[in-house]
Amino acid sequence: MYIATSDQIREVDQRMIEGLGFPGLLLMETAGRKSAEYILQRFPQFQNVVILVGPGNNGGDGLVIARYLGLAGKNVTVLLAKKGEAFKGDAAENFKALNGAGVEIELWNEQQIKPDRLVVDALLGTGVKDKLRGPIAAMVEACRLHAGPIVAIDLPSGLNASTGQVINEPARATCTITFQCAKVCQLVTPAANYCGDLVIADIGIWDHVMDNLGFSRRITTADHCRRVLGMRPRDGHKGTFGHALLVGGSSRYAGALALSAHAAVHVGAGLVSALAPEAVRQASLAMGPEVIVQGLEGEELTPLHLTESQHFITGKTLGIGPGMGQSGATQNFLLGLLRQLSGPVVLDADALNILAAMPSAWEFVPKHSILTPHPGEMRRLIGRNQINDFRLEMTEFLADDRDCILVLKGQGTIVAAPRGDTYVNPTGNPGMGTGGSGDVLTGAVVGLLAQGLSPLDAAAVGVYVHGLAGDRAARRYGEAGVTASRIMMELGPALQDILQDNFTEPNYQQI
């Protein structure tokens, strides 16, 4: 499932209409009809509907919606941002087509926005670049104050379609119906916070038109995960599924590494070991006996541990950082360990904080390693205080700059490869904002990498499965009851869900 910018979706329309001669009026008709059908199915209890219509093609979609809802027997009021003569092209044709549909049409009238009415925002769509002014600004403000549900067409008016920016604060839509593919702002925060439930309507753009545009951003899907994972061979054994090694931990944060190690077990790694201070052994055993723990003397990792553990590292897939601490001795341990490695590793938590504090250590990070920062760690890595409005761009920049797979955690976790594909994750919920959740993700990614997935696939699939496990935990315990251990225990069932042919994608709907 592609993710488009406003320029890309404009080029899609241009290739269909001008390049292939496909009627633009038919694309608009399909967009409006499918939106109306969804509205009738989702909000049958609302007899009174107000549709806010701008002068462009988004407004044209709104006019088609008005026609279908009027013919379905709803009391529809169309509120225009500009007089009817402002409509051009296909939108003008649909303005004429409202004759006889039983729809009231008037210029902007704030008195029509009442709590018992369903409001449809068809003002601007993907065309917003500057601050709003005049009637449209007033209409957006009225939407923000509306106490009832709001359906946004293509996207809530006021968002930048191509980034996570909020140019003008829109209303928080109950749902957003977008066309053909998702837009960046619907998946990347803070803009995504305003979109509500995401509904993606196929309006008839031909597949080869989409495929030939070179989209590099996608929503991670169960189909992708299923293709990458495949079926476990019937004659497989523990050697078939790789050996994951989690390195880190300290006497103060023993549980972090134990969670990571056991998460690798729960995604199917054949063998899982932990290299950590002795305190981690008891934390690991409390979760189960499956992890082989190489306990080291002392309360933290130091350079003295490198020699005695070198044989333990050979031939394994490493994840480094959870619970490790950032003392001078631990920094030197990490630097020495990285110098010994060649293949990609997973770096998280304190390993990332040490990299941020010791830029010279970057040269020893193996190419295409996977880094999994949360926003605070990302700010330190990239040296910027603010990344919220440009999460996607910053993730892609750092992946290119450091030749790594970058996983920026949060709502709509972003997975970016250097000069390559970017995936935005649809799974997960606010309950996953709990201590240890990131450690579970690290272990899941390491466990998948150990099983032979490419670094990009291990990261994208690991994030998807981790979020799906969190969704399972939330359904069972409620969002407030989600814990890292409960997410970990749902990893296996989440993998099983993905392999089912009737699996339904979470958190967005296709119509």
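The legends below describe close-up views of aromatic rings in a predicted model.

**View 1. Tyr 2 and Phe 215 form a stacked aromatic pair.** The structure holds four aromatic pairs, one of which joins Tyr 2 and Phe 215. Their ring centres are 4.8 Å apart, and the angle between the planes is 25°. Tyr 2 belongs to the segment before β1 (3-4). Phe 215 sits in the loop between α6 (207-211) and β10 (217-219). The pair thus links distant parts of the chain, 213 residues apart. Tyr 2 and Phe 215 are both buried.

**View 2. Phe 22 and Trp 206 form an edge-to-face aromatic pair.** The distance from centre to centre is 5.6 Å, with 85° between the planes of Phe 22 and Trp 206. Phe 22 is in the loop between α1 (6-19) and α2 (24-42), and Trp 206 is in the loop between β9 (197-201) and α6, so this pair ties together parts that are 184 residues apart in sequence. Phe 22 has a relative accessible area of 14%, and because buried means under 20%, Phe 22 counts as buried. Trp 206, with a relative accessible area of 37%, is partly exposed.

**View 3. Arg 172 lies over the face of Tyr 194.** Here an arginine is placed over the ring of a tyrosine. Arg 172 is at 4.4 Å from the ring centre of Tyr 194.

**View 4. Arg 232 lies over the face of Phe 241.** In this view the ring belongs to a phenylalanine, Phe 241. Arg 232 is at 3.7 Å from the centre of that ring.

How values were computed
Residues are numbered from 1 along each chain as its sequence is written. This is a predicted model: local features need pLDDT of at least 70, side-chain atom pairs count only at pLDDT 80 or more; totals for chains, interfaces and linings use all residues. Side-chain values use heavy atoms; hydrogens and water are left out. Rings of Phe, Tyr and Trp (its six-membered ring) pair if their centres lie within 6.5 Å; planes under 30 degrees apart count as stacked, over 60 as edge-to-face and the rest as tilted. Helices (H or I, at least four residues) and strands (E, at least two) are DSSP runs, numbered from the N terminus. Buried means under 20% relative accessible area, exposed over 50%, partly exposed in between (1.4 Å probe, protein chains only). A charge sits over a ring if NZ of Lys or CZ of Arg is within 6 Å of the ring centre and within 35 degrees of the ring normal.
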